[in-house]
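Biologist: I would like to learn how to read a structure like this one. Please take me through the disulfides, then the strands.

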Amino acid sequence: MKAAVARALGLVGVLCFASAATAQTPPATQNTAPVIEEVVITGSRIAAPNLTATSPIQVVTSNDIRVAGKTDISDIILQLPQNYDNGLGQDLGNRTSGLTTAGGVATADLRGLGPNRTLVLVDGIRLGIGSPYTFIQSPAPDLDQIPTFLLDRVEVVTGGASATYGSDAIAGVINFIMKKNFQGVQVDGQLGENWHSNHSNYWQQQDIAFHSTPATGTSKDGRNRNVDAVLGSNFADGKGNVTAYFSYFHTDPVSGADRDWSSCQASEVFDAAGNVTGQVCGGSSNSNYFRVNNGPLKSGTVYSVFGTSFVPQGSVLTTPPAAFNSQPYIYMTRQDTRYTAGFMAHEEVNDYFKPYGQFFFTDDQTHTAIAPAALFKDSNPNDSISGNYNVNCSNPLLSAQQAGILCTPAMIAADAANPGSQTVNVRIGRRNIEGGGRFAEFDHSSYRAVLGSKGDFLDAWNYDVYGQYYFVSFFNSNNKFLNFANVDQALLVTGTKANPVCINANARGCVPYNIWSDGGVTPDQLNYLYLTGTGSGSYTMRTTHGEITGELGKYGLRLPTAHDGIAINFGAEHRNQKQVFNPDAAEAGGQLSGFGSAAVAIDNGDSVTEEWAELRAPLVQDMPFAKDLVFDTAVRHSDYSIAGKVNTFKFELQWAPISDLRFRGTFQRAIRAPTLIELFNPQLVGLIQFGNDPCAPTLNAANQVVPATASAAQCAVQGVTAAEYGNGGTTNTVPQASNGQLSQLTGGSLKLQPETSKSWTAGFTFTPEFAPGFTGSLDYFHIAVDKEVGVIPASVIMSTCLASSAPLYCSQIVRSPNTGGLVGNNIPGGGYFIQTNVNVGAALVSGVDAQLNYKWTLPGQHLGALGFALNGSYLQHDEATPLPGQHTYDCSGLFGFTCQTVNPRWRHIFRASWLTPLNVDLAATWRYLGKVSNDNNDNDPSLHFAVYGAFSSQPALVGSYSYLDLAFTWHALNNLELRGGINNVTDKDPPVVPFFIQPGGANAYSAYDQLGRQLFVAFTAKF
């Protein structure tokens, strides 16, 4: 296969070289503009434009992209009302928190059904997944590979489209259509920056009260810059073209410390009844936390180190503090450097041989940061009982007061005589403030080569055959993490305070870790504890494709009631893919403190062979009340090497009673085969962003113990003993979550079956003659997914088990037999939610999409024209059924921990443009998100008080949000265009939500603008 790929690339190179060498077209002049060849992809292989297409389409033009001032195409897609964003559900992007998800790629998520249910095409050809990293549970194509500056338009097809394109098109298709026949030289450049005024007095005061430094004044940050160059030339009397491009992009990071509303962790304030009544600054207890876990002096008292002594936690200001503020370290926008390059070529040698080729290359280097590592409570995989840390009683780094709290005098004496013979297990949460934040690097290099040919033959027929080779290489490194194994050795110490040594003489290079006194930690100690974890891998997809289209009307095959003939398309495609990821011993061994879990390796692949046929038949044309009546149907058979055989189909009908009005409707059956990750990922115990364990106590803002929200009886059903539960508060020993993180058991299964969906749409388009320049469409969509591959949401598992003690749900909670907790670190030791992949229940999304466009030429000769464009979407239902036959809950109009995404009933983008006669175009864009309510307060039994066990007013309702963007385009010269703009002109802050329901982020959902006002200037120069 490698030889075949090399030959294919060689043929593309020969084609391009020959194209340039034999060019007969005169050189481009300064007035030469790019020539765009119209290519329409509509969800049918028998193409038609949107207003005559049966499947609804949303279109983003190249002008929309330029006016938006966005250099990341993922930011453009995110603004579409049909696209959702869910950082907790692995919708990855350049503004995804590194605390909750793996970085380095950007994905799209139509209808909020998951990025792996959105098919991505480039010029109608499938794009492979963006990363082989096994931490990414919903692998999907990386949109950062798309050369934005070469886009002609982006077409979004809603609803299932598997009969046309195959697997993954459950929610729809995003097709990136590139410009063709580019001539000349074009250079684009853009510089952008955030100018945000920190104006939240409330959160600034909360920062001060938390002994943190708030962000004040104007933050100018997140500077991004890119330079793009395109070179193209026609040849062979305009029958061929070769276009090459290069692009550089870089963006600076923005941390949570740069915004007053995100510079501390938003934590809830509870009243006596458990209702959430406010928000204050909070932090992680993995900061300066020490509690005796066993032995004769076992106690529920939590201590912090102050000087060389233990003091009750929170009684005085300590270093580190009682609660650590992680937010300043966490990136809201990651640092990213990207290089892209490639070329496209095509030539019409004759009617039946029109070869074409593409080669895309992307190198993306992402840097992300999170808070310093720590000795995290209950997380040590080397302690199978409690997950904590053993300290020997005669450790010379302990003061006499500290040793007396941990051990009895007899234990101290015995250990002094035989170092290491007497130890005490200490629950430690100690932050590495001396070493600073952790950081990770994600490097992706992708290669995509396509070689094919189109042509016409036998008058009525045309064909398209191509081969595609797609390859991604990946490397990641995780730095300044602590090594659990070395921590264990560095806490067992003998010698003297002036000359301490590790007890284990075989622990090579061991340096005792002095966390027992202020200023005791040294660089030498940290260098022994640090462990860098790395991993590398690759993903390969090979595609061979062939299809034939016949216009049978040229043979007279048409219905007597229509003048257009029947058209057919049939073809076959074979794809095979392989995913490889190899973590090093540090990542695979689970010894990285704060990494979340051990990384798992994968080296597996699968393949699919597909055949399809499509028929389009005009039924009635140019008759009374039947200007056009067209029927379209298609069927596809797919044979997967693992998932087996499956069929998909579609039926479509469009009826135009008059030329101004066209009704359309579709019914489709789509499928999604399980990904390699879902099939082959080994089982492991890792972290889940859940929130607090309701069977464990918490601490309020005054550092007082708040009893568990669940009763002893409710927790007993899950396996918590009466001794572990105690009185629910001061004597409850069940370990609580750290930063909302509990444990989960994840893994794949070869028993998974393909997902199926049934979707239908019904709507109409209108182009009224009485209003020239006006077009519009209105479409209802209904997508029902069955046998959805996924997990039962942990929040649903917990809330249902607490409410009904249902064995089906309670069995998915595996409490630790030693502690009763859910902070386990290995499978035999328990302490986790079961979150392995299964064919769970179902999902349903329905609503209405609206598109309106109007261009009005103003009266007179010197006023120009006005343009108006609306793309809106109404969400009727967003339902989830965790298991077949179980209760269904609806997230439409809601946000929150269970629903995860922000789901307003209505959202839109409305743009008004003025094309002035002065070579200046002005644009104003109104972005709108409707109001949403907290899912915790909904009356649905699966949602009602599921998060807090009581009402939450923080916030109970997020009102509607409107953003105003302004932009201008100045055609300064025939070959020079200058652009600029301001996004989020009013510098509106996002709604702040507690860390508990949106863990890992910046106290806000990324559906809202987090960065504030954004300015950009840009230019396009053509030669």
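Biologist: Which hand does the disulfide of cysteine 502 and cysteine 510 have, and why?

Modeller: First, the ground rules: this is a predicted model, where local features need pLDDT of at least 70, side-chain atom pairs count only at pLDDT 80 or more, and totals for chains, interfaces and linings use all residues. Residues are numbered from 1 along each chain as its sequence is written, and side-chain values use heavy atoms, with hydrogens and water left out. Now the general idea. A disulfide is a covalent bond between the sulfur atoms of two cysteines. Here the torsion about the S-S bond of cysteine 502 and cysteine 510 is about -75°, so this disulfide is left-handed. The S to S distance is 2.0 Å.

Biologist: What parts does the disulfide of cysteine 393 and cysteine 407 tie together?

Modeller: The sulfur atoms of cysteine 393 and cysteine 407 are 2.1 Å apart. Their link is left-handed, with -80° about the S-S bond. Cysteine 393 lies in the loop between strand 19 (389–392) and helix 6 (400–406), and cysteine 407 in the loop between helix 6 and helix 7 (409–417), so the pair ties together parts 14 residues apart in sequence. Helices (H or I, at least four residues) and strands (E, at least two) are DSSP runs, numbered from the N terminus. Both cysteine 393 and cysteine 407 are buried.

Biologist: Where do cysteine 695 and cysteine 715 lie?

Modeller: These two form a disulfide, with the sulfur atoms of cysteine 695 and cysteine 715 2.1 Å apart. The torsion about their S-S bond is about -105°, so this disulfide is left-handed. Cysteine 695 lies in the loop between strand 32 (684–689) and strand 33 (698–699), while cysteine 715 lies in helix 12 (residues 712–718), so the pair ties together parts 20 residues apart in sequence. Cysteine 695 and cysteine 715 are both buried.

Biologist: On to sheets. What order do the strands of the open sheet of 5 strands have?

Modeller: Strands of a sheet pair through backbone hydrogen bonds, either parallel or antiparallel. The rule for a pair is that DSSP finds at least two bridges between the strands. In this open sheet the order is 1-4-5-2-3, and the pairing is mixed. Strand 1 (57–61) and strand 3 (125–126) stand at the edges with a single partner strand each, so one side of each has no neighbour in the sheet. Strand 3 pairs with strand 2 (residues 118–122) in the antiparallel sense, over 2 bridges. Valine 122 has isoleucine 125 in strand 3 as its bridge partner.

Biologist: How many residues of strand 17 are buried?

Modeller: In strand 17 (residues 354–370), 13 of the 17 residues are buried, so the strand is largely enclosed by the rest of the structure. Strand 16 (residues 335–347) runs antiparallel to strand 17, joined by 12 bridges. A hairpin through 6 residues connects strand 16 to strand 17. Methionine 344 stands opposite glutamine 358 in strand 17.

Biologist: How many bridges join strand 17 to strand 21?

Modeller: There are 17 bridges between strand 17 and strand 21 (residues 438–457), which run antiparallel. Threonine 362 has serine 446 in strand 21 as its bridge partner.

Terms used. Disulfide = S-S within 2.5 Å. Buried < 20%, exposed > 50% of the residue type's maximum accessible area, 1.4 Å probe, protein only.
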